[in-house]
Amino acid sequence: MDTMKTYYEKLAATVISNLNKRQIEGLYCSTSQDAVKQALSLLPPNAVVGFGGSVTLAQSGMLDALKAEPSIKLLDREAAKTVEEKEEIFRSHFHADTYFMSSNAITTDGELVNIDGSGNRVAALIFGPKEVIILAGMNKIVPSTEEAVRRVRNAATPPNCIRLSKQTPCAAAGVCKDCLVPDCICNQIVVTRRSGKKGRIKVLLIGETLGF
């Protein structure tokens with residue numbers, strides 16, 4: 001028996017049950033490959049698609065799949081050549097059919113916890129796109145909202161600041177210093193406890209370690 005595989009399946013079932021109580025649709029995929037196929041099957045024909053910054057989307061192959069699908073109109077933030085172009089693409093995401101992102105943490109009780117710098121990602125999660133699809137590795141599951149914030153600040157934000165070449169105390173020390181420096185990316189802390197529209201948010205839990 002593959003102990004971790006069985007553990008992930010059982011834990012995912014618990015989380016999905018609690019997500020559903022919050023009008024968030026939960027699905028479990030054992031591999032990234034399965035998750036990408038599942039996500040693409042959820043898209044409407046000729047979908048207009050946006051996405052937030054996410055290591056998980058890159059590691060899982062989701063971004064490559066979106067860029068390779070000819071029927072998708074991708075509002076590609078990575079194609080922007082200037083800050084102004086990127087901000088315009090961020091705004092266009094509000095009119096997308098589907099928005100892809102990961103979640104910094106998900107509680108076993110079904111709450112989504114996200115910490116954001118500019119706020120474009122959490123803004124799209126809250127309002128705008130007709131559908132939001134979240135891909136998240138099982139390493140993102142935590143027992144409580146408090147543990148979720150602690151995880152993001154100490155396990156996700158420091159490596160993200162290093163990846164983005166941010167001049168922050170956590171990038172230097174590897175742990176959160178609760179800073180207010182100009183490069184801080186912990187400007188919004190958003191807890192999604194329920195989707196106002198049933199099924200608008202879909203969470204694909206993946207039985208792998210993905211992202212930070």
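Which element supplies the largest share of the lining of the largest pocket? In this predicted model, that share comes from α7, with 5 residues. The largest pocket has a volume of about 770 Å³, and the second largest pocket has a volume of about 150 Å³. A nonpolar surface patch and two residues with positive phi, serine 165 and aspartate 178, are also described below.

**Largest pocket**
- The lining of the largest pocket consists of 33 residues.
- Nearest the centre of this pocket lie Gly53, Arg77, Asp116, Arg163 and Leu164.
- At least two lining residues come from each of α3 (55–60), α5 (83–92), β6 (112–116), α6 and α7 (145–163).
- Sorted by class, the lining holds 13 polar, 11 nonpolar and 9 charged residues.

**Second largest pocket**
- The second largest pocket has 13 lining residues.
- Cys176, Asp178, Cys179, Cys184 and Cys186 are the lining residues nearest its centre.
- Helix α7 gives the most to this lining as well, with 3 residues.
- The classes here are 8 nonpolar, 3 charged and 2 polar residues.

**Nonpolar surface patch**
- Phe94, Ile126 and Phe127 make a nonpolar surface patch of about 330 Å².
- Isoleucine 126 belongs to helix α6, which spans residues 120–126; α6 also supplies at least two residues of the lining of the largest pocket.
- Isoleucine 126 counts as exposed because its relative accessible area is 54%, and the cut-off for exposed is over 50%.

**Residues with positive phi**
- Serine 165 has a phi near 60°, a positive value in a residue other than glycine.
- This serine sits in the loop between α7 and α8 (169–173).
- Serine 165 is exposed, since its relative accessibility is 55%.
- Aspartate 178 is not a glycine either, and its phi is positive at about 55°.
- The loop between α8 and β9 (188–192) contains aspartate 178.
- With a relative accessible area of 53%, aspartate 178 is exposed; Asp178 is also one of the residues nearest the centre of the second largest pocket.

Terms used: Residues numbered from 1 in each chain as written. Predicted model: local features only at pLDDT ≥ 70, side-chain atom pairs only at ≥ 80, totals over all residues. Heavy atoms only, no water. Patch = residues over 30% accessible without salt bridge, like charges linked within 9 Å, V, L, I, M, F, W, Y side chains within 5 Å. Areas by Shrake-Rupley, 256 points an atom, 1.4 Å probe, with all protein chains shown as cover. Salt bridge = Lys/Arg side-chain N within 4 Å of Asp/Glu carboxyl O. Helix = DSSP H or I, 4+ residues; strand = E, 2+ residues; numbered from the N terminus. Buried < 20%, exposed > 50% of the residue type's maximum accessible area, 1.4 Å probe, protein only. 1 Å grid on protein atoms, 1.4 Å probe; cavity = no way out; pocket = protein on both sides within 12 Å on 5 of 7 lines; lining within 4 Å. Points joined across faces, edges and corners; volume = space filled by probe spheres on them. Nonpolar A, V, L, I, M, F, W, Y, C, P; charged D, E, K, R; others polar.
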